[in-house]
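Trainee: I have questions about how the terms are applied here. Can we go through them one at a time?

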Amino acid sequence: MMGHQEQLPQILVLGPPSVFKPYEHQFTKKFQILKPWESSLPTHLFLSTHGGSVEAVLTSGIFPVTANGVLNHLPALRLIVTTSAGLNHIDLPECRRRGISVANAAEIFSEDVADLGVGLLTDVMRRVSAGDGSNLKIDGSIPPKSSTPSKSSTKMDREKLSSPPQVLMLRPPPVFLRFQPQFSEKFQFLRAWESDLPLDAFLSNHAQHVQAMLTHGGGLPITADQVLRHLPSLRLIVTTSAGFNHIDLLECRRRGISVANAGTIFSEDAADMAVALFIDVHRRLSAADRCVRGANWPITRYYPLGSKVSGKRIGIVGLGSIGYEVAKRLDAFGCRISYNSRQEKPSVPYQFYSNVCELAANSDALIICCALTDETRHMINRKVMLALGKDGVIVNIARGALIDEKEMIKCLMNGEIAGAGLDVFEYEPNVPKELREMDNVVLTPHVAVFTDESFWDLFQLMVGNLEAFFSKKPLLTPVLDD
Amino acid sequence: MESIGVLMACPMNPYLEQELDKRFNLFRFWEYPSKPEFLKSHSQSIRAVVGNTFAGADAELIEALPKLEIVASFSVGLDKIDLPKCKEKGIRVTNTPDVLTEDVADLAIGLILATLRRICECDRYVRKGLWKKGDFQLTTKFSGKTVGIIGLGRIGMAIAKRAEAFRCPISYYSRSEKSDCKYKYYPSVVELASNCQILIVACPLTEETHHIINREVINALGPKGFLINIGRGPHVDEPELVSALIEGRLGGAGLDVFENEPHVPEELFKLDNVVLLPHVGSATIETRQAMADLVIGNLEAHFLKKPLLTPVFSGKSVGIVGLGRIGSAIAKRADAFGCPISYHSRSEKPNTGYKFCPSILDLASNCQILVVSCALTAETEKIIDRKVIDALGPNGILINIGRGRHVDEPELVSALLEGRLGGAGLDVFENEPEVPEQLLELKNVVLQSHVGSDTVETCKDMADLVLANLEAHFLKRPLLTPVLGDI
């Protein structure tokens with residue numbers, strides 16, 4: 001948490017160990033971290049300058065923890081924790097002399113390492129990686145037909161024996177970063193961003209046999225020219241977003257590539273976000289919180305009042321899964337719901353308007369929940385905003401480009417609309433300075449689905465789609481299924 | 001009404017101020033550097049006080065305003081008004097229920113979302129340009145979380161209705177379980193806190209609910225739990241809350257109120273898992289206007305002698321003639337019905353909590369139901385005469401459980417026939433067993449045949465007492481209930 005970093009215990013990290021980066025967030029919650037690798041100083045100088053009061057060190061299994069290299073620079077050191085089982089990199093007698101305790105990874109790796117040992121043995125003997133499955137005669141004392149590992153070796157999952165399926169990623173989706181170890185257990189990832197090669201060269205050199213790709217909404221656009229023509233074996237694109245405007249679907253259909261997205265798993269969180277922004281703009285929550293934190297409690301009777309939320313007329317642009325969840329929630333606030341969609345939905349009890357201008361003219365607030373396509377780009381333009389009127393509020397949790405952003409800023413500045421709650425912008429992460437200085441807008445950094453719960457659900461769904469594909473079962477959330 | 005003095009306790013709303021100024025002689029309390037000076041000069045002309053959640057009418061102010069008739073609060077909460085003192089002095093109190101219910105419920109949901117999804121923090125992140133450096137962290141989902149509500153009144157129910165649309169299972173705590181309620185009831189706040197993820201305070205502030213959120217409750221809510229307070233600051237043990245948030249024993253808090261507004265503990269400013277609002281529960285243009293209209297409406301109704309729009313003491317006012325054992329027992333029961341009690345007796349009785357009227361005319365003019373429960377003496381014969389009946393009026397009710405001769409019966413009968421008295425409940429008559437025939441036809445009277453103490457249990461107790469007194473006398477022992485002799 002901010003601000004009480006000073007009260008958290010301090011640890012110095014050496015290496016860093018590979019377990020540190022994926023869980024850095026969790027570490028930072030509990031400890032104040034010193035990271036020598038981020039400093040321009042050589043490590044021993046960093047340690048002498050900053051390590052005077054360090055009592056605990058977290059190190060990898062490779063970093064040498066010697067008297068001269070480390071211990072002499074850390075006079076207050078009481079504990080070394082190594083992420084390895086092995087201790088050869090630590091000068092144990094020196095630690096004993098100085099009264100420094102040492103802890104290692106003990107037996108938590110034993111199974112994995114044993115599995116790997118057996119795996120290596122089996123691979124070599126059965127030529128698994130070589131791929132032709134023929135047998136290897138070891139020596140005369142062993143029957144020539146096939147060499148099977150002895151029964152006393154560790155029983156293993158067949159999956160771990162054969163190499164996991166390959167999945168290409170151009171950039172790491174946030175959900176991948178969050179669950180990297182878990183993803184890596186199941187799939188072998190080809191990470192284009194880690195290579196120095198330009199993308200087309202990387203793909204030509206390394207991705208010719210790749211059948212599946214994992215992408216995300218904020219990543220590179222998947223077009224024929226930039227991407228698809230370099231991937232002759234590609235049969236599946238899985239995107240971690242609900243939206244798929246970044247994928248050339250026509251091209252995918254032509255090439256027989258299936259596409260899966262995040263389906264409706266985000267719908268509740270996205271709807272919650274829309275309602276949150278809607279309430280915040282009307283009731284000025286963020287503005288008031290700013291006031292209070294500035295030690296500026298408004299004692300004056302002229303503090304601007306908010307606007308009542310209950311009973312407002314809401315116009316939902318796009319009544320898909322997310323739009324429908326928004327409607328359900330605001331219904332409970334006594335709001336009157338209408339919507340605009342490509343087609344009228346007779347099963348819902350809300351008023352339909354065939355064009356978005358008419359919807360705006362009959363609403364106090366517009367909530368944008370539709371997909372971005374060529375037709376819907378800049379659909380919320382000046383005409384719509386003027387129809388909404390000077391008391392009107394826009395909430396956008398869909399895509400920035402659905403709104404003519406420049407025009408919206410003008411309308412806000414001229415009082416032609418009253419306020420806006422925006423989670424998305426035309427050129428993320430750039431948010432125009434004018435917006436950042438306004439008091440009647442609430443701005444969030446595309447976090448409509450950024451919850452622990454949604455990410456976990458998303459992780460499971462992505463794995464589910466990939467596994468379905470590789471076991472030739474139907475995709476869980478297909479957009480295009482060939 | 002421009003001469004009627006109305007004291008506004010603090011600045012609260014420009015529209016209200018303006019409207020009060022138009023109609024009454026408005027005094028703005030905050031404009032006087034010396035309150036004691038002001039009170040000395042003006043206390044005789046002030047007949048009404050308009051207060052709110054910050055400043056109301058405490059005992060000191062009430063005592064300083066001898067002409068005070070009504071306190072109209074620009075709020076629904078009444079914790080800043082000394083209600084017992086008002087009752088004692090027969091001062092009427094009004095508030096602004098219902099018109100702000102939706103706004104406060106909307107704010108509760110807004111606070112939950114802002115706290116769990118860290119909206120304010122996100123907004124700060126974007127404004128500072130931090131998004132360019134990296135994505136914001138993951139936050140906590142609201143939909144589907146268990147919601148616990150303390151106090152299932154109008155506001156609590158409105159919150160529950162909204163939270164249900166987010167698929168949240170709802171549970172609650174209140175003084176007693178509500179029948180016909182589909183939400184799960186917990187008999188204690190700690191149990192509620194142990195079984196929900198988001199705990200919302202939505203009950204009135206009273207002596208019982210002071211610090212209802214204490215260390216035990218906070219610990220029960222736990223490091224993944226969230227507290228939302230849209231009640232009153234003193235509902236929460238604030239220092240305990242602050243340390244729990246800093247130590248991570250509580251997941252987060254959304255607060256619209258604080259123990260000592262406008263003071264907010266500075267330790268909270270640095271935390272990113274709290275949202276802090278300056279008591280804006282009902283702060284919308286629409287609602288403040290409706291609240292102001294209610295305040296004005298109530299004041300006008302009072303001074304034009306019409307029924308109040310939103311009185312706090314919703315029971316009818318009861319006036320008791322004779323506050324002896326029976327009178328006190330009647331008062332205690334009527335009080336439990338929320339009736340403001342006043343009384344007349346030969347002299348004022350100390351510490352009753354009821355308003356004393358030195359004259360019976362005064363009493364009759366200021367109550368809706370007049371109950372005769374004094375002893376019959378030469379002074380109290382026909383104490384209920386034409387003047388008193390007229391003072392009680394066409395909406396007034398006379399209840400006689402004293403003696404028939406307390407009342408000028410022919411006057412009573414003609415008042416009832418002519419509609420000058422609203423109705424009567426009579427257990428006793430001047431010439432029992434004779435009952436004036438005209439009364440038998442009236443639908444607005446109830447006639448009993450002197451049955452005040454006619455229950456099986458009481459008759460037996462009375463008989464036992466009579467026998468015991470007789471025995472005591474003849475056995476030369478002290479009498480049990482002497483009236484004369486042996487005292």
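Mentor: Start with one pair of residues. L199(B) stands opposite L227(B) in strand β10(B). This is a predicted model, where local features need pLDDT of at least 70, side-chain atom pairs need 80 or more, and totals for chains, interfaces and linings use all residues. Residues are numbered from 1 along each chain, chains are lettered from A and ligands numbered from 1 as written, and side-chain values use heavy atoms, without hydrogens and water.

Trainee: What makes β9(B) and β10(B) a pair, and in which sense do they run?

Mentor: Pairing requires at least two DSSP bridges between the strands. β9(B) and β10(B), residues 226–229, have four bridges, in the parallel sense. They count as paired. The chain goes from β9(B) to β10(B) by way of helix α9(B), residues 215–221, and this β-α-β crossover is right-handed. That word applies if the path from first strand over the helix to second runs clockwise, with the strands pointing away from the viewer.

Trainee: Which way do the side chains of β9(B) point, and are they buried or exposed?

Mentor: I198(B) and I200(B) point one way, L199(B) and V201(B) the other. All of these are buried, which is to say under 20% relative accessible area with a 1.4 Å probe, protein chains only (over 50% is exposed, and in between is partly exposed).

Trainee: What is the strand order of the open sheet in chain B?

Mentor: Seven strands run in the order β8-β7-β6-β9-β10-β11-β12, with parallel pairing. At the edges are β8(B), 184–185, and β12(B), 274–276, each pairing on one side only.

Trainee: How many helices and strands does chain B have?

Mentor: Chain B has 17 helices and 19 strands. Both are DSSP runs numbered from the N terminus: H or I over at least four residues for helices, E over at least two for strands. Chain A has 17 helices and 18 strands.

Trainee: Why are α11(A) and α6(B) called roughly perpendicular?

Mentor: α11(A), residues 285–293, packs on α6(B), residues 119–127, at about 80°, with axes 9 Å apart. The perpendicular class spans 65 to 115 degrees; under 35 is roughly parallel, over 145 roughly antiparallel, the rest oblique. So α11(A) and α6(B) are roughly perpendicular. The axes are lines fitted to C-alpha atoms over the stretch in contact, and the angle runs from 0 to 180 degrees between N-to-C directions.

Trainee: Which residues of α11(A) and α6(B) meet?

Mentor: L285(A), S286(A), D289(A), R290(A) and R293(A) meet I119(B), C120(B), D123(B), R124(B) and R127(B). Contact means heavy atoms within 4.5 Å.

Trainee: Why is α6(B) described as largely enclosed?

Mentor: Nine of its nine residues are buried, so α6(B) is largely enclosed by the rest of the structure. Among the buried ones are E121(B), C122(B), Y125(B) and V126(B).

Trainee: What covers the buried residues of α6(B)?

Mentor: The cover includes α10, α11, α16 and β17 of chain A, together with α5 and β12 of chain B. Just after α6(B), G129(B) takes a positive phi of about 80°.
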